[in-house]
Amino acid sequence: MEDLKRLEEFQAKIDKGLKIEPKDWMPEKYRLQLIRMMSQHAHSEIVGMLPEGNWITRAPSLRRKAILLSKVQDEAGHGLYLYSAAETLGIDRKELLNQLHTGKAKYSSIFNYPTLTWADIGAIGWLVDGAAIMNQTMLARGSYGPYSRAMVKICKEESFHNRQGYEIMLSLCNGTPEQKEMAQDSLNRWWWPSISMLGPSDAESVNSDDLMKWKVKLESNDAIRQRFIDRTVPQADFLGLTIPDKDLKFNTETGHYEHGPINWDEFFNVIKGNGPCNKERLQTRVDADRNGQWVREAALAYAKKRKEQEVTA
Ligand code: FAQ
């Protein structure tokens, strides 16, 4: 009875648009859903550094290199905010990382694709950050205080990432025919993974009902996907590039673009660990964790020593 009353009060608070804070009562399922989603998000930011990091040493100019370095560092910062925000739910960062390294926790499907050319850095900023922003501006209005607040700064930085990506595409499309071809090839490879990264169709989304009832997600996966497509197709037109979807057409009655079938088999195969780069990405993270162990130990030993010195002084 007590729990039922608390549950009603909790839902009433959410329905009023109030935030849930770490010390507030919350149903266990809400806590676990948030840990799942926020940690998956944090892991995505950290693993997401890898495909772009691959091009830092090969950026075509000092300006491009400085921008890319800054973007990749931003992603590290996003991961750290999100791990901190997830820790407010009573789980330790070590445990979260352990779940990533053992394959128990997921990270975004999109980062299991390779970055084959410089144009892929443009396509990631334009499409991947573009899709991420659509989703994250919604999450910034979500019910859990620490998550929604982390999203505000993250979204501002993602907007810069999105612009830098589009600017790379614009330069390539205004360049030589070979450069424009490189941009088109990149769009061909990143389009479908970018629209599927927004999650399975509403009919297949197992978590949406709970998350929407609790206003963690305010819109469904398909609604966000539609908004992303509607915004991105005119941008491709402006670049003079063709979206690789022969069924794509504008419906004048609904005011939306209709798209062809998404290959969900490929999506589910990637999230099961069988994408082109899954094994390499995970191994890189596991190695980075192991190689950084001595740094963490040294930092903790130093902090302990300083504390001891302060006590004796
Ligand atoms: N990849 O029931 P739903 C970024 C899983 S950040 C892998 O619909 P939900 C920034 C899902 O976990 C990108 N797995 O799930 C950046 C569930 O399995 P589970 C990451 C996915 O939670 C840019 C199952 O499928 N953003 O890009 C994916 O209601 C450039 C059924 O799905 C976030 O994480 C996927 N794409 O909706 C960084 C945002 N989609 O866990 C570097 C926060 C679904 O039950 C460079 N997350 N699954 O075993 C969300 O908004 C939601 O979790 C969704 C999925 C919308 C991703």
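A charge is said to sit over a ring if NZ of Lys or CZ of Arg is within 6 Å of the ring centre and within 35 degrees of the ring normal. In this predicted model, such an arrangement is found where Arg58 lies over the face of Trp55, at 4.1 Å from the ring centre.

**Aromatic pairs**

The structure also holds eleven aromatic pairs. A pair of aromatic rings is described by the distance of the centres and the angle of the planes. Two of the pairs, Phe10 with Trp25 and Tyr30 with Tyr144, are listed below.

| Pair | Centre to centre | Angle between the planes | Arrangement |
|---|---|---|---|
| Phe10 and Trp25 | 6.1 Å | 85 degrees | edge-to-face |
| Tyr30 and Tyr144 | 6.4 Å | 80 degrees | edge-to-face |

Phe10 belongs to helix H1 (residues 2-15), while Trp25 lies in the loop between H1 and helix H2 (28-47), so their pairing ties together parts that are 15 residues apart in sequence. Phe10 has a relative accessibility of 4% and therefore counts as buried. Trp25, at 29% relative accessibility, counts as partly exposed.

The pair of Tyr30 and Tyr144 links distant parts of the chain, 114 residues apart. Tyr30 is located in helix H2, and Tyr144 in the loop between helix H6 (119-139) and helix H7 (145-173). Both Tyr30 and Tyr144 are buried.

Methods. Residues numbered from 1 in each chain as written. Predicted model: local features only at pLDDT ≥ 70, side-chain atom pairs only at ≥ 80, totals over all residues. Heavy atoms only, no water. Phe/Tyr/Trp six-rings, centres within 6.5 Å; stacked < 30°, edge-to-face > 60°. Helix = DSSP H or I, 4+ residues; strand = E, 2+ residues; numbered from the N terminus. Buried < 20%, exposed > 50% of the residue type's maximum accessible area, 1.4 Å probe, protein only.
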